[in-house]
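Visitor: Could you walk me through reading this entry? I would like the general idea of each feature and then the case at hand.

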There are 2 protein chains.
Amino acid sequence: MQFCYCGISNNKIDNVNECQLSAELKQEIHSYEAVANKIIEEIVHGKFKGHTYDMLAKFIDKFGPRLTGTQNLEDSIDYMVELSKNLSLSNVYTEQVTVPAWKRGPASLRISSPINREIPVMAIGLSNGGKVTAEAVVVASFQELEALSDDQIKNKIVVYNPAFTSYGETVKYRSRGASVAAAKGASAALVRSVTQKSIRSIHTGMQTYLPNTNKIPVGTISLEDADMLHRIHKRGEKIVLELDIDTSLSEGTSRNTFVDLSGSQPNISRPIVVVSGHIDSWDIGDGAMDDGGGVMVSLAALHFMKELSLTAKRTVRAIFWTAEEQGLLGAEAHVKSHKEEEDLLSFAMESDMGTFAPRGLDFSGSHEAGCIIQEILQLLSPINATEFKTPLDGGPDITFWAQNGVPASSLLNANEEYFWYHHSVGDSMLVEDPHNLDLCAAVWTVVSYVVADLNMPLPR
Amino acid sequence: MQFCYCGISNNKIDNVNECQLSAELKQEIHSYEAVANKIIEEIVHGKFKGHTYDMLAKFIDKFGPRLTGTQNLEDSIDYMVELSKNLSLSNVYTEQVTVPAWKRGPASLRISSPINREIPVMAIGLSNGGKVTAEAVVVASFQELEALSDDQIKNKIVVYNPAFTSYGETVKYRSRGASVAAAKGASAALVRSVTQKSIRSIHTGMQTYLPNTNKIPVGTISLEDADMLHRIHKRGEKIVLELDIDTSLSEGTSRNTFVDLSGSQPNISRPIVVVSGHIDSWDIGDGAMDDGGGVMVSLAALHFMKELSLTAKRTVRAIFWTAEEQGLLGAEAHVKSHKEEEDLLSFAMESDMGTFAPRGLDFSGSHEAGCIIQEILQLLSPINATEFKTPLDGGPDITFWAQNGVPASSLLNANEEYFWYHHSVGDSMLVEDPHNLDLCAAVWTVVSYVVADLNMPLPR
């Protein structure tokens with residue numbers, strides 16, 4: 001998950017009591033109770049128990065990090081294409097996307113005054129390289145930086161040490177910190193990792209240079225070291241840092257991957273339901289959580305429906321987006337080049353906020369569509385995943401569609417620890433749990449199947 | 001904290017109701033209520049608020065890791081000697097101890113089959129160096145290893161991936177895993193880090209080669225990577241690892257540090273009360289938690305008593321033990337060379353299990369002494385630190401004394417996350433909290449002052 005796109009929709013549905021679905025529609029939804037129970041039973045306790053975890057573990061153990069622009073990502077895409085075909089899913093294809101191939105070289109940071117010590121550092125994604133030795137100025141916020149004169153910042157290294165409030169709020173220092181510091185004449189910037197918890201972990205991510213500012217190198221450091229620099233700065237001691245970041249940037253290509261479980265009625269109204277996640281990851285962790293889990297529950301949903309001979313009226317399409325971490329580039333390219341297909345979509349789902357114990361769904365779309373989703377969520381009562389929240393707060397790749405009115409849901413799950421591991425070496429299979437992955441796969445399967453099989457599409 | 005020495009004492013005092021202290025003694029203890037309240041008030045809300053944290057932060061920021069045998073440890077000891085003198089404490093001196101000067105060189109681990117990837121690794125303390133390329137056998141326990149034939153282990157690398165149960169139970173793989181594997185012919189060993197939680201963190205510590213076994217190199221890897229190797233092994237795929245560990249071992253010297261706040265009645269019965277922590281740390285984290293906090297609350301107790309003009313009848317002595325991490329060597333040397341002084345001790349306290357929110361004290365000693373400590377803990381009601389547990393489960397350095405009958409207490413605190421950071425790069429000021437350090441310093445000051453000032457020593 002790269003950014004949070006919050007508050008896309010104005011359709012706030014706070015209370016299930018506000019819904020007034022027809023008795024007929026309610027009855028239709030409730031008629032899926034037996035099949036929903038069967039799906040849940042087979043995935044959580046029956047013949048598919050543990051399969052999603054095993055498929056994910058094999059994938060993650062084989063490929064590990066899958067940075068946009070690397071051969072390893074493309075190999076992992078080939079593997080998912082083969083796996084999908086081996087699972088007898090139809091219409092498996094990829095579409096090429098032009099992407100930046102940004103590479104991380106060695107990075108080092110040393111504090112040489114008032115103490116002499118190496119500090120672990122990592123370039124922030126898309127940062128330029130550079131070698132800077134300069135005095136450091138440590139601030140807790142943009143406001144604090146703005147209160148300083150340009151003379152106080154010129155040729156310095158600005159260190160941002162903001163407290164974590166929310167990801168959406170705090171990530172601005174990672175994404176714009178370099179340009180804001182450069183605008184005041186800084187030579188380089190360092191940003192406290194965006195996480196609530198740390199075992200001296202470093203968390204990377206993307207940043208964007210703003211127009212008309214120097215493209216200065218920017219790195220991220222641990223909470224521990226950002227705090228240390230802040231303490232020394234507050235004591236009034238002059239800090240000298242030696243930063244050396246090596247990066248390179250070229251153009252590459254990658255691919256979005258599409259896998260269909262074809263519907264029985266291709267001419268039905270809005271004949272496609274999408275389940276999705278992104279296959280690319282950052283280069284340092286294993287990308288199990290961000291977003292191997294989302295990719296694998298999406299494939300699992302199709303696989304389990306196929307195995308259970310559940311053919312919905314509509315096609316359920318799994319999409320494994322690429323280059324999400326570089327700015328939702330795979331999704332953006334697809335939406336742009338397939339504008340005419342948007343009308344074919346009944347519903348778009350994405351899991352990119354973790355696959356911990358599922359609680360239900362986030363949603364953006366019309367009031368009536370939201371009411372239908374709430375009703376469908378009742379089918380997940382056996383696994384307590386009936387929670388409904390709106391608007392969408394996650395599901396970054398499907399935001400383009402959601403903004404254009406396509407009903408869209410992100411997996412709501414018990415992801416309180418998500419940012420502890422996010423974009424760090426800690427994003428691994430250790431945070432994935434077989435039972436929780438089964439539960440997530442059950443949510444994905446039940447919801448996508450029912451929406452794909454309803455007589456009417458989700459209303460816009 | 002190196003090892004847990006649990007269950008030293010057989011004197012189990014489970015219930016305060018079992019205590020039958022004389023009314024006179026109870027009255028004497030309760031007469032300290034006003035002074036205890038004054039101590040707590042000044043440390044937690046008054047003129048000493050935040051001082052312990054600030055003193056600790058300055059110390060940690062200046063020295064960071066303080067491995068036994070390094071000049072940095074000796075410099076940090078000099079600093080504490082100077083600081084103690086500057087705080088006008090008396091009788092500040094050090095005593096030399098012969099210690100191993102074990103040094104960590106570079107270490108690398110690569111899995112070359114069935115995948116090719118670097119795996120972060122670290123030598124376990126006192127491991128020999130060595131370069132081994134071999135097939136890996138992954139086991140979850142010693143029992144699982146024993147069930148394999150020597151032929152299955154000969155010339156292999158044994159990887160231990162035990163689940164964390166308790167530190168005391170799980171640390172045996174780190175401390176004896178190399179020798180147990182070597183006894184079956186293994187060429188090297190790797191051990192899952194001893195922690196419940198990980199962001200791919202690696203946790204070092206000490207190991208001991210058992211007699212008559214090959215001293216094979218042994219490293220520790222993260223939970224994430226141990227799990228990965230275990231998964232691949234369970235799939236029946238052959239794992240080839242390339243391990244290269246560089247270490248060196250020579251003899252060095254270090255020093256225990258002693259600081260007194262002299263008592264008013266040197267000829268009183270058992271005229272010394274000890275507060276202590278260890279000043280050495282592992283070489284990778286900052287040693288703020290293990291055990292900078294214990295050292296600093298001990299110094300703070302003396303400093304605050306001095307500032308509050310609280311002169312007890314007995315001397316309160318702060319000891320900053322050295323080489324705890326290498327096997328309690330500072331404490332062992334001191335106890336051996338000062339056998340005759342044991343009779344002078346009324347009470348020995350140690351903080352080496354973290355300085356999080358204090359809950360009270362662990363204790364080993366006679367039933368009556370335990371009853372007195374429970375009564376004294378009532379004085380800590382204003383900060384809810386009245387909990388009493390027995391026997392001692394922590395306080396490793398003072399165990400030698402406790403085993404010989406000296407009443408001894410370890411700081412009981414809300415350290416549920418202690419092992420998340422223990423012996424890792426995560427042991428830093430980030431886990432220390434100014435308010436909690438104030439509370440710990442208040443516990444240390446109240447208890448040591450009252451025990452030092454009682455008319456009678458704690459009975460043996």
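Visitor: How far apart do the end C-alpha atoms of residues 256-444 of chain A lie?

Guide: They lie 20 Å apart, and the span is 32% helix and 22% strand. Helices (H or I, at least four residues) and strands (E, at least two) are DSSP runs, numbered from the N terminus. This is a predicted model: local features need pLDDT of at least 70, side-chain atom pairs count only at pLDDT 80 or more, and totals for chains, interfaces and linings use all residues. Residues are numbered from 1 along each chain as written, chains are lettered from A and ligands numbered from 1 in written order, and side-chain values use heavy atoms, without hydrogens and water.

Visitor: How many residues does each chain bring to the contact?

Guide: Contact means heavy atoms within 4.5 Å. Here chain B brings 32 residues and chain A 33.

Visitor: What area do chain B and chain A bury between them?

Guide: Buried area is the accessible area (1.4 Å probe) that two parts lose on being put together, summed over both. For this pair that is about 2,600 Å², 54% of it on carbon and sulfur atoms. On the chain B side, B:D61, B:I199 and B:L430 supply 28% of the area buried against chain A, more than any other three residues.

Visitor: And how many salt bridges are there between chain B and chain A?

Guide: A salt bridge puts a side-chain nitrogen of Lys or Arg within 4 Å of a carboxyl oxygen of Asp or Glu. The count here is eight. In the one between B:D286 and A:R200, the closest N and O atoms are 2.9 Å apart.
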